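Thanks for coming. Please have a look at it before I start.

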Amino acid sequence: MNVKLHGGGSACVRGLLKGVALLGSCGWLVACAASTSGGAKSADGVIEKRDTTIEHEACDTKGASERLDANADGTAEIVIVRSGDREICRSVDLNFDGVPDAWAFLDAQGKLRRKELDFDRDGRIDEIDLFQNGVISEKRRATSLANRLDTWDFFQGGKLARTERDSNGDAVVDQWWEYPQPGCPLIHSDSNGDGRPDPGATINYCKETGYVPPERQADSGPKTPDFQRPGDSLPTETEEKTKAPPADAEAPKSAAPEGDKK
């Protein structure tokens, strides 16, 4: 596929499409460098940079008394920190290597308010999930090995609504993703470094690649044949029933006994 973009960004988009495929499978994106080296600028010419720092919220598990050993190896995989009877946070060792790689933080009502995840077992946070009233509202992700945030997902009603990305690691957003249909983003790119989507630099991922999201594959896939000719209707009953005699039909005469025959 060759998508022509304003500013000569077709190669950039090809890399971007590869990144989308990886995003759907494991959450990792291939970076697509902008065609200029200067920082992106807003409409008034001011360079806008994002805070890309990854901050781990403290969850003091050292003094926690509630420890769960899931595989009976003598080491607790789940450690729960409480204040009185209320759970404050917990750490979880998902791969049984003795090092926590997930943390959950609860609000005063006991609902989830924050999650932190380490996917690649390097001891550093790769994703921070924020919740409002227990419902996901934002994800902040580090999808490269640079140990800084580069992707921000925003949710409405628990569903992914838009994504902003810093694809070249300069702390400036240069990709804007929107999801008019689940799993099929419209991707707007800034290839010339002016801080705004470039004319002609928007692609429809599903249209360009032919990708069909899993939730729509069942509707578009082949259907089992019903061996029915067009216009025919299937019977509603297959059990044959004995027809009742007409109401005015004469009842059959009983046979006369042998002794009465002459």
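I begin with a ring and a charge: the charged end of R162 sits over the ring of F154, 4.1 Å from the ring centre. For this label, NZ of Lys or CZ of Arg must be within 6 Å of the ring centre and within 35 degrees of the ring normal. A second case is R50, which lies over the face of W152 at 4.8 Å from the ring centre.

Some ground rules. This is a predicted model, in which local features need pLDDT of at least 70 and side-chain atom pairs count only at pLDDT 80 or more, while totals for chains, interfaces and linings use all residues. Residues are numbered from 1 along each chain as its sequence is written, and side-chain values use heavy atoms, with hydrogens and water left out.

Now the overall picture. The chain has 3 helices and 12 strands; these are DSSP runs numbered from the N terminus, with helices being H or I of at least four residues and strands E of at least two. The chain holds 262 residues, and 32% of them count as buried. Buried means under 20% relative accessible area, exposed means over 50%, and partly exposed is in between, with a 1.4 Å probe and protein chains only.

Next, salt bridges. The whole structure has 13 of them, each being a side-chain nitrogen of Lys or Arg within 4 Å of a carboxyl oxygen of Asp or Glu. In one, E57 pairs with R114, with the closest N and O atoms 3.5 Å apart. That pair links distant parts of the chain, 57 residues apart: E57 is in the loop between helix 1 (10-26) and strand 1 (66-68), and R114 is in strand 5. E57 is partly exposed at 24% relative accessible area, whereas R114 is buried at 12%.

R114 also meets E116 in a salt bridge, at 2.8 Å from N to O. E116 is buried, with a relative accessible area of 0%. Together, E57, R113, R114 and E116 are linked in a network of salt bridges.

Another bridge joins D153 and R141, whose closest N and O atoms are 3.1 Å apart. D153 lies in strand 8 and R141 in strand 7, so the pair ties together parts 12 residues apart in sequence. Both ends are buried, D153 at 5% and R141 at 7%.

D107 sits in the loop between strand 4 (102-106) and strand 5. Its side chain reaches the backbone nitrogen of Q109 at 3.0 Å and that of K111 at 2.7 Å.

Two loop residues have a positive phi without being glycine. R121 has a phi of about 60° and lies in the loop between strand 5 (112-117) and strand 6 (127-132). R121 is exposed, at 62% relative accessibility. N147 has a phi near 60° and is found in the loop between strand 7 (135-141) and strand 8 (151-156). N147 is partly exposed, at 37%.

That is the tour; I will take comments now.

Terms used
A polar contact is a pair of N or O atoms within 3.5 Å; within protein, one must be able to donate a hydrogen and the other to accept it, and residues adjacent in sequence count only if both atoms are side-chain atoms.
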